[in-house]
Amino acid sequence: MTDKRIETPQAIRGTQDIFGAEAEAFAHVVETFERIRRLYRFRRVEMPVFEKTAVFSRSLGETTDVVSKEMYSFEDRGGESLTLRPEFTAGLTRAFLTNGWQQHAPLKLATHGPLFRYERPQKGRYRQFHQINAEIIGAAEPQADVELLVMADQLLRELGIADGVTLQLNTLGDGESRENWRRALVEYFGDHRAELSEDSQDRLERNPLRILDSKDRRDRAFVADAPQIDAFLSGEAQEFFAAVTEGLDAAGVAWERAGSLVRGLDYYRHTAFEFVTDRLGAQGTVLGGGRYDGLVEALGGPATPAVGWAAGIERLAMLVGERGEPSADVAVVPMGAAAEAAAAGIVADLRRAGLTVDMAFKGNMKKRMSRANDSGARHAVILGEEELAAGEATVKTLSTGDQARVPLTGLLPVLKG
Ligand code: ATP
Ligand code: MG
């Protein structure tokens, strides 16, 4: 006989199986976000994981890294080009338009879930990753920007990771300021054309602001001395930015001006920001966002101002660090077939009463007791044939070893006490 070994298919590169203490940290980030978005009255929305490719290519801009290099696009069986969402904003904007949510404007939305980008996998950078996301659609007022930033700050504080994470803030001005800045950047970088990375030589024609966001060392050398937006800001744009910073100061949110901060996507106007840390190596941006007043129009809707942010759950969870898995309150240890059957009912009652309960049902008594000890429970409820016949259980306090017989009907007060 030949040995036909079946080979287990490997997971897709850049995807993760998150388990145990890391999964607890991940869940903690999501739960904290869910709690805080309610404090700020953001409404929950669930979105499809895929959209027509045009949703992303039209809104993100053909020349962005995400659209030109990172999208997972495919033809479905009907020959339509679809894309796994690389970010939330474009799909949310599509939903805003196709569902007629204009009536709710200003609409505060929160969501979270997986996103897909074809990137070079490394620590903190995956091909399937997860974000929490918050947006305010239909608000032109700087108060909306402030509210989102204060919410992001509160999230980081409540996760206990605000120390060592800085808010870097910039304005890209209104359309006119941005255009004048763009022209100055083309002129400046044009003088160094041959020394720029190939990508940035290409960006020079198509999307010069993005050179400022380049991670290539050859480009970084010139970014420091590039013209800054401040020289090109209209009076209105200056006022808008001042209102944002005043709001942040009033709310006690620390920020730093970052004159060359631009966002990876094309549609930003006015406020642009990132929360960054040096505790995650090269993947130091944990949360980023800004105002995208041009996006709704890019998707064929009426002029609608909007602002939002997204944060990588994995990166936040890495800062949070591993979190212990919650321990049990009670471990139930049945011995023998009759006790095992009865235990199912007792365990169900205890859990319905809100206790966290483990049941040790594998192996001999010694194995079961050691499992009960490992569960972190305060009490073990030991059910033997003899106890059961008397309508009782032995309750053992695991830290002291003390034990007492307790009637089954009186278990709950003893275990809760
Ligand atoms: P980066 O500069 O790190 O590539 P980005 O500008 O592409 O980030 P955004 O599109 O603004 O990122 O996404 C917001 C956040 O989502 C980032 O700040 C980061 O925390 C997280 N993020 C983005 N791409 C990835 C990825 N491939 N893996 C893990 N997290 C990611
Ligand atoms: Mg990126």
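In this predicted model, residues P142, D145, V146, L149 and V150 of helix α5 are in contact with F240, A243, V244, G247 and L248 of helix α9. By class, that contact is made up of eight nonpolar residues, one polar residue and one charged residue. Helix α5 covers residues 142-158 and helix α9 covers residues 235-250, and their axes come within 9 Å of each other while crossing at roughly 35°. The crossing of α5 and α9 is right-handed.

Helix α5 also packs against α1, at an angle of about 140° and with the two axes 10 Å apart. Because of that angle, α1 counts as oblique to α5. The residues that make the contact are T32, F33, R35, I36, R37 and L39 on the α1 side, and M151, Q154, L155 and E158 on the α5 side. Divided by class, the residues in the contact of α1 with α5 are five nonpolar, two polar and three charged. Here too the crossing has a hand, and α1 passes α5 in a right-handed crossing.

Helix α1, which spans residues 20-39, has a further packing partner in helix α11, residues 313-320; the angle between this pair is about 110° and the axes lie 9 Å apart. The angle is the reason why α1 is described as roughly perpendicular to α11. The crossing of α1 and α11 is right-handed. From α1, the residues A25, F26, H28, V29 and V30 take part, and they meet I313, E314, L316, A317 and V320 of α11. The contact of α1 with α11 holds eight nonpolar residues, one polar residue and one charged residue.

Two backbone features stand in loops. R41, in the loop between α1 and β1 (43-44), has a positive phi of about 60° although R41 is not a glycine. P106 is placed in the loop between α4 (89-98) and β5 (107-116), and the peptide bond that leads from A105 to P106 is cis, with omega near -5°.

Turning to the ligand, 15 residues surround ligand 1, and the closest of them are R117, E119, Q131, K215 and R263. Others involve the backbone: a polar backbone atom of Y126 is 2.9 Å from a nitrogen atom of ligand 1, and a backbone N or O atom of G312 lies 3.2 Å from an oxygen atom of ligand 1. These contacts are set out below.

| Residue | Part of the residue | Atom of ligand 1 | Distance |
|---|---|---|---|
| Y126 | backbone, polar atom | nitrogen | 2.9 Å |
| G312 | backbone, N or O atom | oxygen | 3.2 Å |

How values were computed:
Residues are numbered from 1 along each chain as its sequence is written. Chains are lettered from A and ligands numbered from 1 in the order in which they are written. This is a predicted model: local features need pLDDT of at least 70, side-chain atom pairs count only at pLDDT 80 or more; totals for chains, interfaces and linings use all residues. Side-chain values use heavy atoms; hydrogens and water are left out. Axes are lines fitted to C-alpha atoms, for helices over the stretch in contact, and angles run from 0 to 180 degrees between N-to-C directions. Helices (H or I, at least four residues) and strands (E, at least two) are DSSP runs, numbered from the N terminus. Angles under 35 degrees count as roughly parallel, over 145 as roughly antiparallel, 65 to 115 as roughly perpendicular and the rest as oblique. A crossing is left-handed if the near helix is turned anticlockwise from the far one by less than a right angle, and right-handed if clockwise. Contact means heavy atoms within 4.5 Å. Ala, Val, Leu, Ile, Met, Phe, Trp, Tyr, Cys and Pro count as nonpolar, Asp, Glu, Lys and Arg as charged, and the others, Gly among them, as polar. A residue is near a molecule or strand if one of its heavy atoms lies within 4 Å of it. A polar contact is a pair of N or O atoms within 3.5 Å; within protein, one must be able to donate a hydrogen and the other to accept it, and residues adjacent in sequence count only if both atoms are side-chain atoms.
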